[in-house]
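Here are a few notes to read alongside the model. Have a look at it first, then work through the points below.

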Amino acid sequence: MQVCPELGQFVGLRGLLPETELFGPDDVPIAGCACDSRKVRPGDLFVALSGVRRDGRDFIAEAVARGCSAVMLESGNRQILPERSGDSPAHNTLGPVYSDYPVPVCLVPNARESYARLCQALAGNPSRQLKVIGVTGTNGKTTTTCLIAGIFKAAGYRVGVLGTLGYLDGRVVEPAAHTTPPPDVLASMLARMVRNECTHAVMEVSSHALDQSRTAGVWFDAACVTNVTQDHLDYHGTMSEYRRAKGRLFDHLDEDGLAVLNADDPGSADYLRRLDCPALTVGIREPAEITAVPVEQFAGEQTFLLAAGNETVPVRTRMIGTHHIYNCLTAAAVGLAHNIELTTIVRGLEFAGQVPGRLERIECGQPFSVFVDYAHTPDALATVLQTVRAVTTGRVICVFGAGGERDREKRPLMGRAVEQAADVAILTNDNPRREDPRAIFRDVLAGFIAPKAADVIPNREEAIRRALASARPGDCVLIAGKGHENYQIIGDQRFEFDDREAAKKWLFENGE
């Protein structure tokens, strides 16, 4: 992250981070900051972060060689500078070494948070020039952000969007490497939105991003929690820590910021009693400010009544399921909070159309339904299976798998959800990564009461073809887990693969 590199502008570090403990001069002029030593330019501050596999402290010498103006470290790491010829380990501490080290060293309590704040400050604090809406939750983040963006567009605003489907700066969409971008990319994208005259930014905020302080320095006008159910325990360890990470989104609310919570979801509603900011609740079963009544649902569309205050309007969407109604309610709450008329909100909800890989219907003239969905948690699988069951007269056939090197505790729960809700279960590879697929299958099958009833077909394309070949008129085939993704990770290799294209190919080849 650089600030006005074309102008060669420098900014004093103390002005950006007053809490910095600086060893050396009273202040350090910096032209930008980087946490990757390979990206350091002359005048940059190098932030040495500790990663999962590598430690930024190992790359200080390279950053210095590339011309960094200073090195930032967490205050708990005082014995960190790489030894040079002639140094003894006993003297390799900041105090003795700094006096003749080539660059100043600054210590901060939390290097990740400071790095993110620096990125935002060097980009001109773009979130102060936008209305930023953050959406977190186990399921529904992507769809909800798309719906919110659709509402703002319907109201005539230019919107930027950051999330799983890509990063839109108001003009151009870039592929997304992360649900929530790393701090330098996040700051850059928000700044581009400002330059492109966006008025609003809508972003998915993952629990990983919140735990890693990627959004530090970003101020949100609204913070939405769709739901909180089990996921990512491989990273967070416990549900308590997972909920705590999600709740950190509220720490970033602006002074007059608003929380939007799902009254029907215990995990989301639980935050309500802890907040001291304004909040809007949405719900279907429990009392809430914004509610809905489902009217009718078919395989290709559904209608519900949206009620807010004294107004009630019908909404017709191409996406189906009660879970989608909740997403619409959350988006509507954000729109109402921004003084958008309910009729315009409905137009935005209906304009958003089909979100890629979210109960996306594959229609090639076949006499049975085919849906592709991103569901990869027990709750999401149960929800989408219940949804397709409601619009299916025949059997429900589910193709699914579990990701490798991810939360193992949810795997048997996923198996149990599919066994309970589907008539036919076909277990296949998702993204096994470097984990043995057989171990993943064993974990998933452990949740089945009758594991032998499940078909295990490791090759995902073959599993999809088998499911489609076995479908009869009136049946429904749900291909779950990867949704919009157009790749599969096996070992260290990434292969092109898209569930939707695989299904279409078979349907075209075998259609009448």
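1. How many residues does helix α5 have, and how far does it reach from its first C-alpha to its last? Helix α5 covers residues 141-154, has 14 residues and reaches 20 Å, close to the 20 Å expected at 1.5 Å a residue. That expected span is 1.5 Å times one less than the number of residues. Helices here are DSSP runs of H or I with at least four residues, strands are runs of E with at least two, and both are numbered from the N terminus.

2. A word on what you're looking at. This is a predicted model, where local features need pLDDT of at least 70 and side-chain atom pairs count only at pLDDT 80 or more, while totals for chains, interfaces and linings use all residues. Residues are numbered from 1 along each chain as its sequence is written, and side-chain values use heavy atoms, leaving out hydrogens and water.

3. Back to α5: is it enclosed or open? Eleven of its 14 residues are buried, so α5 is largely enclosed by the rest of the structure. (Buried means under 20% relative accessible area, exposed over 50%, partly exposed in between, with a 1.4 Å probe and protein chains only.) Among the buried ones are Lys141, Leu147, Ile148 and Phe152. Their cover includes strands β8 (131-136), β9 (159-163) and β12 (200-204), plus helices α9 (239-247), α11 (322-337) and α12 (342-351). Just after α5, Gly156 takes a positive phi of about 95°.

4. Most residues other than glycine have a negative phi. Ser213 has a positive one, near 60°, and sits in the loop between α7 (207-211) and β13 (220-225). Asn339 also isn't a glycine, yet has a positive phi of about 60°; its place is the loop between α11 and α12.

5. Which of those two is buried, and which is exposed? Ser213 is buried, with a relative accessible area of 4%, whereas Asn339 counts as exposed at 73%.

6. Zooming out, the protein chain has 17 helices and 26 strands. Its radius of gyration is 25 Å, close to the 24 Å that the globule rule gives for 512 residues, so the chain is as compact as a globular protein of that length. (The radius is taken over C-alpha atoms; the rule is 2.2 Å times the number of residues to the power 0.38.) The C-alpha trace spans about 80 × 55 × 40 Å along its principal axes, and buried residues make up 55% of the 512.

Technical notes. Contact = heavy atoms within 4.5 Å.
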